[in-house]
Structure formats: structure tokens, C-alpha cells
Amino acid sequence: MTTNDSIYQARRAPRREFLTVRGLRHGLHRWGPDDGEPWVLLHGFQDNGATFQFLVDELPDDWPCIAIDWRGFGASEWAPGGYWFPDYFADLEALLDRLVGDRPARLVGHSMGGNVATQYAGIRPQRVAALVSLEGFGLPRRRADDAPGQIARWLDQLGEPLVETSRHAGPREFGEWLSSRNPRLSRDRALFIAQHWLQRSEGGWRHAFDPRHRHVNPVLYRREEVEASWRRIQAPTLLLLGDSSEYRPRLGEDGTDDYFADKIADLRIVTLAQAGHMLHHEQPAECARHIMEFAARLP
């Protein structure tokens with residue numbers, strides 16, 4: 001399907017759609033039939049829904065899949081007032097109302113998308129039928145003493161000019177850079193990702209997200225509140241982790257299998273070999289295999 005010099009070619013062509021919810025137009029990628037129970041795919045920070053392509057290509061053709069671009073990422077509109085994490089819960093709920101109606105949803109989330117999905121599954125346990133988290137294990141704990149400095153940094157950033165342009169000449173150079181940084185990422189996939197992580201602009205190329213996403217959040221991450229949501233999850237849950245994850249070690253005791261099993265009742269944990277934080281880019285076939293096995297056991 002590909003050569004060493006080619007960009008990854010999708011096996012299942014996506015259909016592009018747009019939905020306006022909560023005042024912002026959201027971009028969607030849809031694969032498979034329009035009927036049935038879709039798997040709703042939620043991307044991570046600075047990513048977008050298009051790069052779920054590798055995972056979707058490894059899933060059965062009759063599985064409906066819908067990948068959302070979060071506000072301010074990919075093809076979705078930017079939020080003029082900045083970005084607040086609870087907005088993702090509200091956006092997800094509004095999108096699920098449109099995409100699955102009153103049926104409980106099947107969610108797959110990576111990193112930030114996994115954090116949104118796992119918290120939402122505890123906030124609205126009746127709205128989620130199945131949950132797959134790809135390295136969506138949250139952020140390290142913060143101390144209350146960190147708050148003044150973080151708010152001060154946020155205030156400083158509000159007055160700084162926004163930098164939209166990429167330091168890369170274009171998608172091919174960017175793809176080569178991604179490939180050189182990550183030996184687990186094949187070159188053809190790196191070039192595909194680069195095509196979707198950069199967009200043309202008047203100055204050449206820019207990253208496909210609002211640069212205000214790079215601002216620090218003035219609200220500290222409160223792990224205790226996240227854990228309270230996890231304890232309310234009723235859906236069967238699969239947590240896929242990478243054995244070479246760049247982020248999990250930063251959690252310390254909050255990143256062990258026993259820690260997660262203590263917080264989420266119906267949880268299966270699988271650690272993939274030769275996979276880092278971007279495991280659905282690096283090992284999509286293995287991710288898909290475990291998701292299919294998980295789905296086969298659902299009611």
C-alpha cells in the first residue's frame with residue numbers, strides 16, 4: 001500500500017462533516033455505515049480527528065466510527081474567549097445528542113480526549129456504554145501553592161502576541177522531523193500526520209490549532225476531583241498504555257495498574273509493547289486488536 005517515500009494511504013476513506021454546537025462549528029470525520037452504534041473517537045492535545053485513520057483502518061469495515069475535532073483544533077472553529085476544560089464536557093454532550101441521540105455512547109479517547117471521556121463517563125454514567133482510554137490517565141498532582149504563579153503566567157501570556165506560524169517549511173519537512181524524533185513511528189504515517197497537523201496560512205504554514213491552546217491554564221489540575229468522577233464510571237472500561245510512554249512515569253504512584261484498578265470498577269488494563277504515548281499512531285493494529293476483543297465482551 002505504501003513505499004518508503006510515500007504518504008500513508010487510507011484504507012477506509014473518511015467522509016468530512018461539520019456540526020455547529022454551542023456556537024462553534026466542529027469538524028468531524030466519519031467512517032463506515034451511517035446506522036448502527038458508532039464509536040466516537042476523541043483526539044488528544046494538539047492533535048485532531050484525522051489521525052485516528054490508522055486505527056480505523058485496522059477496525060472492521062462495518063464499525064461506524066466518528067472522530068471529533070475539539071474546539072480550536074483541526075477543522076473546528078476557535079473559541080474567542082479562550083479554552084476551559086469543562087467546555088469539552090459540554091461540547092461532547094451536545095455532540096453526542098446529535099450523533100447518537102439518547103443511546104449510551106461508545107467512546108475511544110486518546111490522551112486529553114481520554115481524560116475528557118473518562119471524566120465524562122463518571123459525570124454522566126448513564127450516557128456511556130463502553131469506554132476505551134488510550135493513555136488518558138490524567139496529569140500529575142498539583143499543590144495549591146502552585147496557583148499564584150500559574151495564574152500570573154497566564155496573565156502574562158494574555159498580553160503576549162500570538163505566534164501562528166510553524167517553524168517547519170511545510171508538511172514534508174515536518175513529517176521528516178516527526179519521523180526522526182520517534183523511531184516507533186513509520187515514515188509514511190509521520191508524513192500523513194504532518195499533512196493534518198499543518199495548515200496553509202498567509203505566511204506559509206501554521207499548526208492546525210489555535211495558538212492560545214499553548215497558554216497555561218489558570219485553574220490547577222485537581223486530581224482528587226478527577227478520581228471522584230472515575231469512581232462513578234459504570235461502563236466497561238479498557239485502558240491501553242504504552243510500555244515506553246513518555247508521560248506515565250511522571251505520575252509516580254498515580255500511574256500504577258493498582259492505582260487505576262482501585263479507581264475504576266470494571267477496568268481492563270493492557271500495556272502494549274514498543275509503544276509510547278502516541279500508541280494509536282505507532283501500534284494501530286495492536287490497539288485495534290485489543291479494542292475488538294474488548295467489544296466482543298460487551299453486553
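Student: Helices here are DSSP runs of H or I with at least four residues, strands are runs of E with at least two, and both are numbered from the N terminus. So where does Arg 22 lie?

Tutor: In the loop between strand S1 (15–21) and strand S2 (24–31). Before we go on, this is a predicted model, where local features need pLDDT of at least 70, side-chain atom pairs count only at pLDDT 80 or more, and totals for chains, interfaces and linings use all residues. Residues are numbered from 1 along each chain as its sequence is written, and side-chain values use heavy atoms, with hydrogens and water left out.

Student: OK. What's the phi of Arg 22?

Tutor: Positive, about 50°, although Arg 22 is not a glycine. Most residues other than glycine have a negative phi.

Student: Which other residue has a positive phi without being glycine?

Tutor: Glu 135 has one, near 55°. Glu 135 is in the loop between strand S6 (128–134) and helix H4 (147–158).

Student: And is Glu 135 buried or exposed?

Tutor: Buried, at 1% relative accessibility. The cut-offs: buried is under 20% relative accessible area, exposed is over 50%, and partly exposed is in between, with a 1.4 Å probe and protein chains only. Arg 22 is partly exposed, with a relative accessible area of 41%.

Student: Switching to Arg 30. Where is that one?

Tutor: In strand S2. At 13% relative accessibility, Arg 30 counts as buried.

Student: What does the Arg 30 side chain have a polar contact with?

Tutor: The side chain of Glu 17, at 2.9 Å. A polar contact is a pair of N or O atoms within 3.5 Å; within protein, one must be able to donate a hydrogen and the other to accept it, and residues adjacent in sequence count only if both atoms are side-chain atoms. Setting aside neighbours within four places in sequence, Arg 30 is also in contact (heavy atoms within 4.5 Å) with residues including Cys 65, Ile 66 and Leu 99.

Student: Now the largest nonpolar core. How many residues are in it?

Tutor: It has 42 residues, and Ile 68, Trp 70, Leu 92, Leu 96, Leu 99 and Leu 107 touch the most other members. Helix H2 (residues 86–99) gives the largest share, 7 residues. A core is a set of buried Ala, Val, Leu, Ile, Met, Phe, Trp, Tyr and Cys residues joined through side-chain atoms within 4.5 Å.

Student: Which residues does Leu 92 touch?

Tutor: Not counting residues up to four places away in sequence, Leu 42, Ile 68, Trp 70, Leu 107, Val 116 and Tyr 120. Apart from that core lies another, of 26 residues, including Trp 63 and Phe 294.

Student: What about aromatics: how many pairs?

Tutor: The count is 15. Rings of Phe, Tyr and Trp (its six-membered ring) pair if their centres lie within 6.5 Å; planes under 30 degrees apart are stacked, over 60 edge-to-face, and the rest tilted. Phe 174 and Trp 197 make a tilted pair, because their centres are 6.3 Å apart and their planes at 45°.

Student: Which helices hold Phe 174 and Trp 197?

Tutor: Phe 174 is in H5 (residues 171–181) and Trp 197 in H6 (residues 187–197), so the pair ties together parts 23 residues apart in sequence. Phe 174 and Trp 197 are both buried.

Student: Which residues form an aromatic cluster?

Tutor: Trp 70, Phe 85, Tyr 88 and Phe 89 form one.
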